[in-house]
Structures are given as C-alpha cells and as structure tokens.
Amino acid sequence: MADVCLIHLKSGGRPAMGLAILAASLSRHGVSCAIIHLSDGTSDFLGETVHKVAAEEPKIVGISVNSYTYHTAKKLSEALHAVGNYPIVWGNYLPTMCPDTILQRLNCVDYIIRGEGEISFTQFVQKYLNHDDPSGTPGLAYRDKGQIYIREAVPIQNMDALPVPDTQYISLFLTPNDYMEIEVARGCPGNCIFCGQRRFYEISAGNGPFPPVRYKSAQRVCREVAYWYERGYRKFLFGMDNVINKSFWEGLLRQVKSYPFLQEISLYLIGRAWELVHYEELTDRMYATFQIDAIEVGFESNSTAMLSLLRKKAS
C-alpha cells in the first residue's frame, strides 16, 4: 500500500526519471509512494491500470500529463474518479500551461500542480494527509464553489538539494548494462517557437527571477554517479539537452583527481550543434579525459532562414 500513486502514461521502456525524483522527494518526508506505468499492452489497459491503483489503496493519485497523453489521461482519470475515494492531481507540461481550461472541462481532475513538483506537490500531499487546507500550496490550481484559483509556482532554487531518484523503482527497469540517467540541469537557454520547455520553467519560477538553465554542481553530479557506480553501473546518460556547458565541464574536469573512477565510466551526452562549434576546445578536452560513447544532437534544418524563423542559433 502507498500514500500516493504516481502514474506514468507509458508502459515498459525506460523509467520515468521525473517521477522517480518526485517519489524520492516524498519519501524524504515520510510519504510512501508507488509509481505505476500504464498497462497499454492489453485490450483492457484502463481497467488493468485502475486495478493496479486500487491494489495500492492510495490516498492521492498523481498523473503526469503531456499534450500527446491528454486523451488517455482523461479516460483514465474518469475511470479512477468513478471508483476511487481520492483526489486526482495532474502535473507536467500540459496542466502547467493551461490549468484553467482543464479544470473547467474535466470534473475528474481535482487539482493541478504547475511547474516543478518536488516542493509544491510534496507540500500539497503533506497538507492533504494531515487534513489541513491545501489551497495555499504554491503552484496549485483548484476549483472551489465554481471558481478556479491558480497559485504562483515556486522553482527549485538549489539543484544540489534534489534527491537521487527512487532506487527501488529504477531497478525495475535498468540493470548495470544500461545507461543510468543523471539529471545534470533543468531549463533551456533557447527560445524556439516549437518548444514549450522555456515557458514551462518561466511558469515554474512564479514571481521570482527566471534563470534559463540551472545546473547541479560538478561535485553533486560526481556524488550521484558514485552512488550508482557503487551499485555496479558503468554507463551514464547525462540528462540535459544542452549539457555542453563550459563552467560545468571545467568543474567536472577538476573533480577527476577526487573521483578517479570518472575515467573508467562511459558517457552518453545530449547537446546542441551550436555548443559543439562554440566550445570546440572544451569538447576536445572532454574526449581526451572521459570515455564518451556519443554526443547526440538535433538537426532541425540546414536553412539559415528556417533556423531564424524557429529562433534557433544553429543546427
């Protein structure tokens, strides 16, 4: 049994790292949590998912929703609402962008958490489980007597304070032969017209200043890599699509003496084309020091005019 069920609307594959970090944040505060993946491999995937949730006897159900999972989330929420005596809370990109529209249209959604959930959702859960009024929770959107209220979100100010993802959950999907994902940073320095990431983090910042990208310190990343290294992992994916950051990598290069195993592990990085061009000397040093299996980059267009329309620096 779990106090909270978090539902990921995909089955199999890799773990939902965001939910794994959220579950670890809840665990820090004594809240038990189960992460459930949608049972979409069968004809009655909604019924099977509802059955999985019922088996946990949760007091709160949270669902991670994006635009491409909206219809599935709606059907599942309706099914859960019909049988469960718990609030249904939506979070992630889509609810953050349009909480009022969702709450107006869907009675099966009781609350929405906007922006990052490690602070807001944890506070909401604590208040709800203690039978306190959760309406003042930062980032919360809710209905009350026909009116919709939307609270300003709060960002994670200190990335180093985030916990290591829930180990028990991660072990269900990954073995030491797989790439372990390490969240290096959050945010984006770009402002591409086709992507909602920058707007998501602007909303997450609430009334405060908006730093385009927030990095974990190199030492904190080393400690997290060491945590998994001790558990047999030797391959790591640094999760952040503009990971080639000069100050971060220079910091990591300085940590090699303190963490010599960094030269034994394999790295898979995700970067941007303009970063590789701009930081060519740094990239050479990275390859000379670390075992880098690949740096994945995206190519939107080979047209300068199109890149300008997309507000891209390079491709």
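Buried means under 20% relative accessible area, exposed means over 50%, and partly exposed lies in between (1.4 Å probe, protein chains only). This is a predicted model: local features need pLDDT of at least 70, side-chain atom pairs count only at pLDDT 80 or more, and totals for chains, interfaces and linings use all residues. Residues are numbered from 1 along each chain as its sequence is written, and side-chain values use heavy atoms, with hydrogens and water left out.

**Helix 12**

- Helices (H or I, at least four residues) and strands (E, at least two) are DSSP runs, numbered from the N terminus.
- Helix 12 spans residues 280-289, and its buried residues are L282, T283 and M286.
- They cover an arc of only 100 degrees around the axis, so they lie on the same side of helix 12. The arc is that of the directions from the helix axis to the C-beta atoms.
- An α-helix has 3.6 residues a turn, so residues three or four places apart point the same way.
- The face turned away from the buried side of helix 12 carries the exposed residues E280, E281 and A288.
- The buried residues of helix 12 pack against helix 10, strand 12, helix 11 (273-278) and strand 13. Contact means heavy atoms within 4.5 Å.

- An open sheet is formed by 4 strands in the order 8-11-12-13, with parallel pairing. Two strands pair if DSSP finds at least two bridges between them.
- Strand 8 (180-183) and strand 13 (291-296) stand at the edges with a single partner strand each, so one side of each has no neighbour in the sheet.
- Strand 11 (residues 235-239) and strand 12 (residues 266-270) run parallel and are joined by 4 bridges.
- F236 stands opposite L267 in strand 12.

**Aromatic rings**

- The structure holds 18 aromatic pairs. Rings of Phe, Tyr and Trp (its six-membered ring) pair if their centres lie within 6.5 Å; planes under 30 degrees apart are stacked, over 60 edge-to-face, and the rest tilted.
- W228 and Y233 form an edge-to-face pair, 5.6 Å centre to centre, with 85 degrees between the planes.
- W228 is buried at 2% relative accessibility, and Y233 is buried at 5%.
- One aromatic cluster is formed by Y215, F238, F248, W249 and F290.

**Charges over rings**

- A charge sits over a ring if NZ of Lys or CZ of Arg is within 6 Å of the ring centre and within 35 degrees of the ring normal.
- The charged end of R234 sits over the ring of Y229, 3.6 Å from its centre.
- The charged end of K235 sits over the ring of Y179, 4.6 Å from its centre.
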